[in-house]
Every structure is written in structure tokens, then in C-alpha cells.
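Reader: I am new to this structure and would like to learn how to read it. Please take me through it one feature at a time.

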Amino acid sequence: MSDVIVDVRNLSKQYGTQKALDDVSFQIKKGSIVGLIGPNGAGKTTIMKIMGGLAFPTSGELEMYGATDEKGLNHARTRMSFMIETPYEKEKMTARENLEKQRLQKGIPDKSRVDEVLEIVNLQDTGKKIVKNFSLGMRQRLGLANALMGKPEFMVLDEPINGLDPEGIVEIRELFRKLNKEDDITMVISSHILSELSLLCTDYIFINHGQIKGVFTADELRAACSEYYHIDTDNNEKASSILTRECGIETIEALEDGSLRIYEGLDDIHNISKTLYDNGIIPVELSKNEVNLEDYYMRMVQDRQ
Amino acid sequence: MFNIIKSLNYSTRRDTVNWITIITLIVLPPFICYLVGMLNTDSTSVMTPSAYFASTEMGTVFIFMCFGIMILASKAMSGDASDKTINYELMAGHSRDKVFAGRVIASLLWGGVLVFVIMLLPLGYLSLFNGWGVETNMNEVLLRSALTIFPIMRFTALTIMIASISRSAGKGIALSYALFMVTTLIASILQDMFEIDLNFSFSMTNAATLLSTSNSRYEVINGKTECIFDTSVPGDLIWKTIVVSLVFAAIYLTIAYINFKKTDRD
């Protein structure tokens with residue numbers, strides 16, 4: 001039996017003349033925590049909205065839990081939960097009342113579930129305080145509580161740690177880990193806090209301008225992020241063209257100060273150094289470094305625009 | 001679908017604006033009657049349901065009831081669209097058909113049926129205190145009053161359509177109100193200036209036809225001269241009210257459904 005829960009095939013979404021998604025394809029496997037990474041307007045929320053049934057794709061196909069038709073997708077959504085954009089809440093109702101309303105619409109018979117999820121997200125003491133008077137962090141927690149109400153098998157979370165204090169971020173990260181490990185809940189999480197995602201995710205999908213820029217497992221990303229050579233010479237422009245022409249290095253990143261980074265040929269640095277010297281280029285700096293997730297993300301987003 | 005209705009009822013009951021609206025609607029008819037009685041100092045008659053109907057105050061009350069329909073139906077249909085909490089229903093796996101149907105039923109109950117009942121309440125409590133009265137025939141008045149459920153449902157459906165398409169209870173109320181005022185003005189001009197029969201063209205003209213009397217005569221009853229009003233219900237008034245109201249309601253709800261089914265939610 002396939003462990004692929006979500007299969008997105010050639011999905012496109014157009015709003016007027018603007019393409020929000022352009023031929024996007026990826027899979028999500030059961031038990032994974034997938035980080036969906038991209039700048040604002042990249043298409044992350046559009047993907048989530050299509051998965052959640054809030055938007056219709058212009059073309060392409062979405063398969064969830066083996067279903068592609070409307071009825072099947074709606075049935076699949078009963079096993080899932082979504083927190084998209086800023087959590088939606090009735091501002092003049094309390095946390096408990098908001099959750100009770102959702103309990104009723106989801107048909108959850110157990111009334112004590114409301115108290116359970118309030119305790120999980122640490123909102124059990126809000127009492128009669130209405131949501132209008134909640135902080136951003138409290139609203140995020142309420143959104144998470146909502147997402148946990150139906151004991152989902154799959155959670156789609158749009159920037160779930162937005163607005164949380166450092167303690168809250170750690171708390172929620174541990175909660176996600178626990179839910180994934182103990183309850184085998186699959187998750188798709190989008191976030192700008194890449195360092196947090198790197199502590200949590202098993203897979204990554206990079207997206208920009210509505211296109212998938214890369215799909216990696218955590219191990220692949222760790223390997224890709226690990227090393228690069230920083231090169232600074234007396235003529236970096238000439239050095240770049242020589243590296244491409246004579247050493248076959250295609251991926252060369254030019255930094256703002258003119259120096260270069262190369263991610264290929266890391267085992268052949270002696271040949272690279274000799275080639276530069278033979279062509280009259282004097283290396284001023286040649287050092288080996290590590291890329292963190294932010295650096296890799298910025299490179300990927302900029303390079304592949 | 002029933003879960004959606006339950007959830008809507010839960011939040012509707014907790015909305016202060018709804019309760020203020022309902023209480024205002026309940027208080028309005030006796031207030032209007034009191035005001036009319038206060039203004040008409042020559043009148044010594046007791047306010048019976050018969051006199052209340054004959055005085056056409058019920059038609060005046062109906063106009064104010066329409067504001068209640070706009071508020072209650074718009075809020076039931078699109079109160080959750082304004083803050084996007086309706087999205088939870090779609091993301092929970094409910095089909096758009098069921099979400100729409102559940103909201104329409106809740107809106108018709110809160111905006112249509114409830115307002116209909118409130119509108120008829122004065123007939124009940126006035127009857128309890130003062131008896132029916134002699135000016136009108138009770139069965140005919142009750143039939144006319146009962147038939148107003150159809151133009152009420154037609155108007156509620158129109159409000160539902162506007163609220164659903166505008167995705168905002170506030171916009172739904174404002175646009176319904178604007179449309180109400182415009183159609184009232186147009187109806188008034190067409191009827192007064194051009195003498196065009198608009199009995200069934202608009203829900204408020206239909207309701208006005210049902211809630212007003214035409215001919216009257218004087219009769220001596222128990223030694224007292226009373227003005228007796230003709231409240232007979234012509235057969236075509238019944239079937240035309242029902243058919244026209246149902247057809248228009250179906251058109252409005254179909255338009256609202258197509259829009260709800262096919263468009264992306266923000």
C-alpha cells in the first residue's frame with residue numbers, strides 16, 4: 001500500500017493574468033513533516049487553499065488519500081485539519097466558545113475535547129476573555145487548538161509559530177514532534193523561520209513565483225547545505241568565466257562584494273587553484289565554509305528566479 | 001448539514017445584535033399601535049386584532065420587520081464569511097452544497113420564520129386581552145396573515161442572495177436596505193403616478209396587498225355602528241402569492257448557490 005497521502009500533479013492556478021501556481025508537482029508521504037519554504041507571494045498559501053478546498057485549481061490534479069473527485073477529496077479532508085493564513089476566529093466569542101462552535105460543525109460528540117485542546121495549547125485559563133482581546137500569540141494557539149480538535153491524521157499549517165514568544169516556539173515545536181512521533185500525524189508547515197523548520201522537518205519543498213524550485217529530504221538538504229568554497233581574487237569576473245570554461249563549474253554565486261562561492265568541484269580545489277593561477281588570476285582568499293538553511297534558501301530563490 | 005445548522009444556531013444565539021433586533025421587532029408593533037392611538041385622540045375603541053388589521057398598521061409593521069429580516073438573515077448567511085470562519089466548514093470536509101444548504105435553512109429560519117412569528121404575535125396577545133373584534137373576519141385575516149410567509153420568504157431569499165454574493169453580513173444588510181428603499185420608491189411612483197398594478201411585482205407590494213383591506217361598509221352591531229372591512233381572499237391572490245414568491249425565491253437562491261459553489265474563498 002502506497003504511503004503517499006498527497007499527490008499534486010501539474011497543478012496550476014491563475015488569478016486573472018497572474019499565475020499563482022505554475023505546473024507544480026510534489027508528493028507528501030505518511031508520517032513526514034514537510035517544510036514548505038518560499039518568500040511572500042511564492043504560492044505556499046495557494047497550495048494550502050487548494051488542498052483545503054477553499055480554491056479551485058485552474059489545471060492539474062490533486063489527489064489526497066487516493067481520491068481525486070470532489071466527494072473523495074471532501075472525505076479526505078475529514079481526516080485532515082488546516083490552519084491557513086491568520087487563524088479565523090469569532091472575535092466576540094471566548095476561546096472556549098470558538099472551539100465549541102467548531103466542535104459542533106465537525107460533529108465531534110465528545111464535549112470534553114474542547115478542554116483537552118485548550119490545555120494542549122495552554123489556553124485553559126482564558127476564561128471569559130474574548131478573542132478580540134487576545135494577543136497574536138494567543139490567537140495562533142487558538143488556531144492550533146482548532147486544528148487539533150478533530151484528532152487529524154494530517155495537518156496543514158501556515159506559519160503556525162508566527163507571533164509566538166521563544167518559549168512558545170519551543171513548546172509548539174515539541175508538540176509537533178510529539179504528534180508526529182506518537183500519533184504518526186503527517187504535517188505540512190510553511191514558515192519563514194527556516195532555522196525552526198530545520199529542527200523539525202523531514203522533507204522540504206522550495207517554491208518561488210508559483211514554481212517548485214527544489215524538493216529535498218532533510219538528509220539531502222543537509223548534504224547540499226554543508227560546504228562551499230569562498231573565492232576572492234584580483235579579478236573575480238575573469239575568474240568566474242575561467243571556472244565555468246575550464247573547470248566545468250556552472251553554479252557560481254557572485255556575492256555583493258564581488259567575491260565568489262562555488263558549490264561544485266569541492267574535491268578538486270587544487271585543480272581549481274592551479275587553473276586560476278595558470279590563467280593569471282591570483283587567489284586572494286580560498287576558504288571552505290558551511291551553508292546554513294537561510295543561505296541555501298536565498299541562493300535557490302535568487303538563482304532560479 | 002445539520003451540524004452546520006447547529007453550529008450556526010450556537011453562534012447566532014450568542015450574537016448581541018441579533019437579540020437587540022429580535023427584542024426591537026417584538027416591541028415595535030405595540031409601540032406603533034400606542035403611537036397611533038396616542039395620535040388619534042378621537043378614537044375610543046379598544047385595540048383588538050381586528051382593529052389592528054383594519055387600521056393597516058400591520059402593513060406598516062411589515063416594513064419594519066423587513067429590516068429585521070435583513071439583519072438576521074444576512075448575519076446567519078454571511079456573518080461567518082466576514083471573519084472567514086466559514087472556511088473551517090469547507091476545510092472540515094463538508095461539501096459546498098451542504099454548507100450552502102445549511103446556511104440557507106438557518107437564514108430562512110432566523111430571518112424568515114422567526115420574523116413571521118413575531119409579526120403575528122400581536123394578533124395573539126391582542127386577542128387574549130381584548131377578543132377578536134368585529135371589524136374583520138377572523139378566518140380571512142388569519143389566512144391573509146399566514147400567506148405573508150411567502151413574500152417574507154421571498155424577501156429573505158433576496159437578502160440571502162445579496163449577503164452570500166457580497167460575502168459580508170454588513171454589506172448584505174446595507175445592499176438589501178438600499179434595494180429595499182429603491183424598490184419601495186419605484187413601486188410607489190409606478191402605482192401612484194402611472195396606476196400600474198404591482199400586487200405581485202415586489203415582496204413588499206405583495207405583503208401590502210395581503211395585509212390591507214379594500215372595501216368597507218357600516219353595520220349596526222349590538223346597537224353600535226361599526227365599520228366592517230372586506231377581508232375576503234380571492235383565489236388568485238392565494239395561488240399567485242404562493243407561485244410568484246416561490247419562483248422568485250428559487251431564482252435568488254439558485255444565483256446565490258452558483259456563486260457559492262464556483263468561486264474561490266479568500
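Author: One definition first: two strands count as paired if DSSP finds at least two bridges between them. Keep in mind that the model is predicted.

Reader: In what order do the strands of the open sheet in chain A lie?

Author: Strands of a sheet pair through backbone hydrogen bonds, either parallel or antiparallel. In chain A, an open sheet of 6 strands has the order S5-S6-S7-S3-S8-S9, and its pairing is mixed. Strand S5 (80-83) and strand S9 (211-217) of chain A are the edge strands, since each pairs on one side only. From one strand to the next, the twist averages 15°.

Reader: Which helix packs on the sheet?

Author: Helix H1 (residues 44-52) of chain A does. This helix touches strand S3 (33-37), S5, S6, strand S7 (186-190) and strand S8 (203-208) of chain A. The direction of H1 of chain A makes about 145° with that of S6(A).

Reader: How many bridges join S5(A) to S6 of chain A?

Author: There are 4 bridges between S5(A) and strand S6 (residues 154-158) of chain A, and the two run parallel. To find one of these positions, look at Met83(A), whose bridge partner in S6(A) is Leu157(A).

Reader: In which sense does S8(A) pair with S3(A), and in which sense with S9(A)?

Author: With S3(A), the pairing of S8(A) is parallel and has 4 bridges. With S9(A), the pairing is antiparallel and has 6 bridges.

Reader: How many residues lie between S8(A) and S9(A) in their hairpin?

Author: The hairpin has 2 residues between S8(A) and S9(A). In the turn, His209(A) has a positive phi of about 50°.

Reader: Which residues of S8(A) point one way, and which the other way?

Author: Asp203(A), Ile205(A) and Ile207(A) point one way, while Tyr204(A), Phe206(A) and Asn208(A) point the other way. For burial, count neighbours: a residue is buried if 20 or more other C-beta atoms lie within 10 Å of its own. By that test, 6 of the 6 residues of S8(A) are buried, and the strand is mostly covered.

Reader: Into which domains is chain A divided?

Author: Domain 1 covers 4-217 and domain 2 covers 228-289. The centres of these two domains of chain A, taken over C-alpha atoms, are 43 Å apart.

Reader: Now chain B. How many helices and strands does chain B have?

Author: Chain B has 11 helices and 2 strands. From the N terminus on, its elements run α-α-α-α-α-α-α-α-α-α-β-β-α. Its radius of gyration is 20 Å, close to the 18 Å that the globule rule gives for 266 residues, so chain B is as compact as a globular protein of that length. The C-alpha trace of chain B spans about 70 × 40 × 30 Å along its principal axes. Of its 266 residues, 44% count as buried.

Terms used:
Residues are numbered from 1 along each chain as its sequence is written. Chains are lettered from A and ligands numbered from 1 in the order in which they are written. This is a predicted model: local features need pLDDT of at least 70, side-chain atom pairs count only at pLDDT 80 or more; totals for chains, interfaces and linings use all residues. Axes are lines fitted to C-alpha atoms, for helices over the stretch in contact, and angles run from 0 to 180 degrees between N-to-C directions. Two residues are in contact if their C-beta atoms, placed from the backbone, lie within 7 Å. A residue is buried if 20 or more other C-beta atoms lie within 10 Å of its own, exposed if 12 or fewer, and partly exposed in between; C-beta atoms are placed from the backbone. Domain bounds come from an automatic or database domain assignment. The radius of gyration is taken over C-alpha atoms; the globule rule is 2.2 Å times the number of residues to the power 0.38.
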